[in-house]
4 protein chains.
Amino acid sequence: MIRYKYHFKVRYKDVDQMGVMYYSRYYEYYEAARTDMMRDLGLTYKELEADGIMMPVVHSESDYMAGPGFDDHLTCITEVREIHKNRMEIFYTVVADDAPNKVINMGKTIHAFVKMNGKPTRIPKSLKLVLDNTWERV
Amino acid sequence: MIRYKYHFKVRYKDVDQMGVMYYSRYYEYYEAARTDMMRDLGLTYKELEADGIMMPVVHSESDYMAGPGFDDHLTCITEVREIHKNRMEIFYTVVADDAPNKVINMGKTIHAFVKMNGKPTRIPKSLKLVLDNTWERV
Amino acid sequence: MIRYKYHFKVRYKDVDQMGVMYYSRYYEYYEAARTDMMRDLGLTYKELEADGIMMPVVHSESDYMAGPGFDDHLTCITEVREIHKNRMEIFYTVVADDAPNKVINMGKTIHAFVKMNGKPTRIPKSLKLVLDNTWERV
Amino acid sequence: MIRYKYHFKVRYKDVDQMGVMYYSRYYEYYEAARTDMMRDLGLTYKELEADGIMMPVVHSESDYMAGPGFDDHLTCITEVREIHKNRMEIFYTVVADDAPNKVINMGKTIHAFVKMNGKPTRIPKSLKLVLDNTWERV
């Protein structure tokens with residue numbers, strides 16, 4: 001398994017009139033978390049796109065257990081639990097830094113691999129390599 | 001079943017560098033769609049909140065079949081398929097106005113009913129009433 | 001002068017914990033307003049881009065006189081007051097539909113004309129034409 | 001003068017189909033920058049709100065000189081240049097980390113001080129104190 005911790009703060013722009021983070025904002029932080037996880041693995045998403053591979057989201061979901069407020073310091077634990085040939089599944093668990101045992105939110109995104117012409121393709125070798133290498137290390 | 005059609009256009013702010021709508025924006029249009037559906041039913045979400053009832057999202061999900069681009073004219077078909085005592089489930093199907101038989105996106109949100117103090121409660125009578133009445137009409 | 005009225009509703013996603021529209025959201029509605037104004041003039045921004053012309057924002061500003069809340073029905077009066085050779089200036093005045101004489105917000109965007117290679121260019125003939133034609137009509 | 005450097009990365013959600021950061025996103029990063037500047041000064045905006053003082057934006061503006069792309073590493077230099085009795089003016093200069101002498105964007109926000117009942121008030125003592133103290137230090 002690959003695990004990465006992305007730290008962020010809830011911003012005023014994220015909070016609605018209930019005083020908690022608006023439900024779609026989590027997906028934006030999921031994106032930041034998986035982008036930084038890939039850089040940490042040694043392969044940026046920017047490089048993948050430069051190689052002609054895009055990873056559009058084909059499915060996303062989120063479960064909301066608690067409502068974090070403005071300026072809360074949160075961590076999004078980001079995990080790849082299995083390597084698939086034709087998709088990437090990424091799991092997200094959001095906790096507050098001052099209460100790391102209480103899950104605030106859990107989510108998942110599934111990404112396809114497609115070429116610039118939109119045709120589906122397999123997991124690129126460069127990505128498979130860094131995933132395999134990191135797997136061994138952990 | 002209750003069904004409402006929400007029409008919208010994809011804005012420049014919604015589109016990413018792949019030229020398609022960014023994955024979290026759908027959730028924002030789901031919100032607009034269910035808000036307008038409730039007004040159409042005869043009970044605004046604003047009135048519900050004024051009555052001390054909030055409907056926080058406890059689950060959201062979305063499946064992406066195609067990528068609509070800037071200025072595409074879309075319709076989000078919004079449905080309530082069953083009335084539940086302690087939650088509301090809303091389904092969304094997004095199609096392009098010029099190709100209404102091809103599904104672009106499908107989603108779902110589940111909402112709890114809570115009082116202003118955060119305590120869970122049952123579906124408010126005012127909401128149950130408008131849902132029941134509309135059900136009979138259709 | 002060219003004037004267009006864009007109607008919109010404040011969404012839950014737009015409102016912060018003060019209960020009023022967050023300050024950057026106005027700029028998103030300005031975009032929707034000017035896009036629909038151009039379609040109304042007879043030349044969509046999509047067509048302009050297809051002709052190889054982009055209109056990036058080089059300056060934006062906004063003054064906030066009042067704070068509209070969730071589900072408020074607003075109108076963004078969108079104006080072109082002068083035709084310039086190398087830029088387009090668009091003015092925005094936001095009022096509530098139930099109090100049209102009280103200005104909620106005023107804004108302005110300035111747009112350059114650039115070719116797809118990023119080089120600055122003059123106002124495209126197609127745009128100048130629809131502006132001139134509309135001017136005469138009014 | 002007070003100066004704070006806020007570091008951030010351009011996210012996929014921020015970039016439009018021209019491949020550059022969408023014009024309203026800068027204002028969201030301005031917010032993050034000033035919030036972190038205040039925490040760095042020793043007085044969080046959250047504490048100010050807890051003390052019954054809000055600082056709504058009454059004016060915002062931005063000038064766009066260059067278009068940063070996805071995953072660019074940027075710094076928003078955030079400055080308070082003068083202390084005013086009834087408002088706070090904050091200036092923002094955005095540069096790329098790998099080209100710190102080329103200004104990408106410059107902006108400004110003006111904030112009023114208001115009590116929870118919406119009435120205008122003077123700069124709160126707690127804020128004046130941390131500003132004065134930091135001024136002396138620099």
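**Strand pairing and chain contacts**

Modeller: In chain C, strand 3 (residues 57-64) and strand 6 (residues 99-112) pair in the antiparallel sense over 7 bridges. Helices (H or I, at least four residues) and strands (E, at least two) are DSSP runs, numbered from the N terminus, and two strands pair if DSSP finds at least two bridges between them. This is a predicted model: local features need pLDDT of at least 70, side-chain atom pairs count only at pLDDT 80 or more, and totals for chains, interfaces and linings use all residues. Residues are numbered from 1 along each chain as its sequence is written, while chains are lettered from A and ligands numbered from 1 in the order in which they are written.

Biologist: Which residue of strand 6 of chain C stands opposite Val57(C)?

Modeller: His111(C) stands opposite Val57(C).

Biologist: What does strand 3 of chain C pair with in chain D?

Modeller: Its partner there is strand 3 (residues 57-64) of chain D, in the antiparallel sense and over 5 bridges. Within that pairing, Ser60(C) has Ser62(D) as its bridge partner.

Biologist: And how many bridges join strand 3 of chain A to strand 3 of chain B?

Modeller: There are 5 bridges, and the two strands run antiparallel. Here Ser62(A) has Ser60(B) as its bridge partner.

Biologist: What is the strand order of the open sheet?

Modeller: The sheet has 10 strands in the order 1(A)-4(A)-5(A)-6(A)-3(A)-3(B)-6(B)-5(B)-4(B)-1(B), with antiparallel pairing. Strand 1 (2-9) of chain A and strand 1 (2-9) of chain B stand at the edges with a single partner strand each, so one side of each is left without a neighbour in the sheet. From one strand to the next, the twist averages 20°; axes are lines fitted to C-alpha atoms, for helices over the stretch in contact, and angles run from 0 to 180 degrees between N-to-C directions.

Biologist: Which strands does helix 1 of chain A touch?

Modeller: Helix 1 (residues 25-41) of chain A packs on the sheet and touches strand 1, strand 3, strand 4 (73-80), strand 5 (87-96) and strand 6 (99-112) of chain A. Its direction makes about 130° with that of strand 1 of chain A. In chain B, helix 1 lies across strand 1, strand 3, strand 4 (73-80), strand 5 and strand 6, running at about 130° to strand 1 of chain B.

Biologist: How many bridges join strands 5 and 6 of chain B?

Modeller: Strand 5 (residues 87-96) and strand 6 (residues 99-112) of chain B are joined by 10 bridges and run antiparallel. In that pair, Val94(B) stands opposite Asn105(B).

Biologist: Turning to the interfaces, how many residues of chain B are in contact with chain A?

Modeller: 16 residues of chain B are in contact with 16 residues of chain A; two residues are in contact if their C-beta atoms, placed from the backbone, lie within 7 Å. On the chain B side, helix 1 (25-41) and strand 3 (57-64) are the elements that give two or more residues. Strand 3 of chain B gives the most, with 8 residues. By class, that side divides into 8 nonpolar, 5 polar and 3 charged residues. Ala, Val, Leu, Ile, Met, Phe, Trp, Tyr, Cys and Pro count as nonpolar, Asp, Glu, Lys and Arg as charged, and the others, Gly among them, as polar.

Biologist: What about chain A against chain C?

Modeller: There, 9 residues of chain A are in contact with 9 residues of chain C. The chain A side has 4 nonpolar, 3 polar and 2 charged residues.

Biologist: What rotation superposes chain B on chain A?

Modeller: A rotation of 180° with 0.0 Å of shift along its axis does so, with an RMSD of 0.0 Å. The two copies are thus related as by a two-fold rotation axis. Copies are superposed by least squares on the C-alpha atoms of residues with pLDDT of at least 70 in both.

Biologist: Which residue of chain B comes closest to that axis?

Modeller: Glu61(B) does, with its C-alpha at 2.0 Å. Moreover, 100% of the interface residues of chain B are also interface residues in chain A, so the copies meet through the same surface.

Biologist: Last topic: how many helices and strands are in chain A?

Modeller: Chain A has 3 helices and 7 strands. From the N terminus on, its elements run β-α-α-β-β-β-β-β-β-α.
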